[in-house]
Amino acid sequence: MDKDDAMDRMRLARIPKPKPEKRPMRQMSEKTKAKKEEEKKLLSSDGDTLMEQWYKARRKNLTGTCQCGCGESSQKKDDMYFRHSIAHIFPKRLFPSVMYHPLNFVERRFWGGCHSVMDDTSMDRWVGMADWLDIREKFFVLAPLLTDEERATNFYTRLEKLVYANAA
Ligand SMILES: [Zn+2]
């Protein structure tokens with residue numbers, strides 16, 4: 001490229017491009033909107049959502065026995081209900097940062113209520129569960145990955161207190 005060429009290019013580069021005419025926003029129909037939302041949920045080629053992929057991956061980590069200490073079977077082998085035996089430690093609703101983290105779960109029997117005891121009764125009971133040390137170890141991995149907002153939740157504060165007050 002010679003010098004004049006380069007100058008021409010620079011001059012051209014400085015000429016502002018004509019602004020594209022503003023087109024009125026097209027209204028998306030409710031149907032299209034719903035379809036777009038659905039498409040967003042489908043993130044892998046086989047049509048699974050990330051959440052579904054996560055459940056399927058965790059299924060491989062399940063032992064087949066509820067880890068709360070009850071000694072009963074979990075739903076690992078149940079193609080319909082295996083997801084219900086995978087209990088998030090940090091609930092996905094409050095902790096999106098770690099909702100797909102491979103360590104953010106414990107194995108709980110669904111039938112018979114071990115999963116709901118984990119989710120719906122006082123967190124203080126976690127300390128008495130057979131896999132408390134597992135929960136505790138997972139806490140130390142997951143806690144640094146959370147956002148400040150997530151760490152400001154009551155859930156986090158309570159769990160952190162339990163973890164530090166109930167060492168091995
Ligand atoms: Zn159990």
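**Group meeting: a walk through the predicted model**

I will begin with A57, which is found in helix α3, covering residues 50-59, where helices (H or I, at least four residues) and strands (E, at least two) are DSSP runs numbered from the N terminus. Residues are numbered from 1 along each chain as its sequence is written.

Is A57 buried or exposed? A57 is exposed, because 12 other C-beta atoms lie within 10 Å; the rule is that a residue with 20 or more other C-beta atoms within 10 Å of its own is buried, one with 12 or fewer is exposed, and one in between is partly exposed, with the C-beta atoms placed from the backbone. The C-alpha atoms of A57 and P102 are separated by 8.1 Å, although the two residues are 45 apart along the chain.

Turning to the chain as a whole, there are seven helices and two strands, and they follow the pattern α-α-α-β-β-α-α-α-α along the sequence. Of the 168 residues of the chain, 18% count as buried. If we take contacts with a separation of 6 or more, residues 24 or more positions apart account for 60% of them, a contact being two residues whose C-beta atoms, placed from the backbone, lie within 7 Å.

Next, the nonpolar core, meaning a set of buried Ala, Val, Leu, Ile, Met, Phe, Trp, Tyr and Cys residues joined through C-beta atoms within 7 Å. The largest such core has 16 residues, of which A87, I89, F105, V106 and I135 touch the most other members. Two or more residues of this core come from each of β1 (86-87), α4 (114-120) and α5 (132-142). I89, setting aside neighbours within four places in sequence, is in contact with N104, F105, V106, I135 and K138.

I135 and K138 bring us to α5, whose buried residues are W132, I135 and K138. Seen down the axis of α5, these buried residues fall within an arc of 125 degrees, so they line one face of the helix; the arc is that of the directions from the helix axis to the C-beta atoms. As a general point, an α-helix has 3.6 residues a turn, so residues three or four places apart point the same way. L133 and F140 are exposed on the other side of α5, and what covers the buried residues of α5 includes β2.

Strand β2, residues 106-107, is where we find E107, which counts as buried because it has 24 C-beta neighbours inside 10 Å. Apart from residues up to four places away in sequence, E107 touches L62, T63, C66, Q67, S74, S85 and I86. The C-alpha atoms of E107 and A87, 20 residues apart along the chain, are separated by 6.1 Å.

Finally, two loop residues. S97 lies in the loop between β1 and β2, and L146 lies in the loop between α5 and α6 (148-151). S97 counts as partly exposed because it has 17 C-beta neighbours inside 10 Å, and L146 counts as partly exposed with 18. Which residues does S97 touch, not counting those up to four places away in sequence? They are L145, L146, T147 and E150, while L146, with its neighbours within four places likewise left aside, is in contact with F95, S97, V98, R151 and Y156.

Methods
Predicted model: local features only at pLDDT ≥ 70, side-chain atom pairs only at ≥ 80, totals over all residues.
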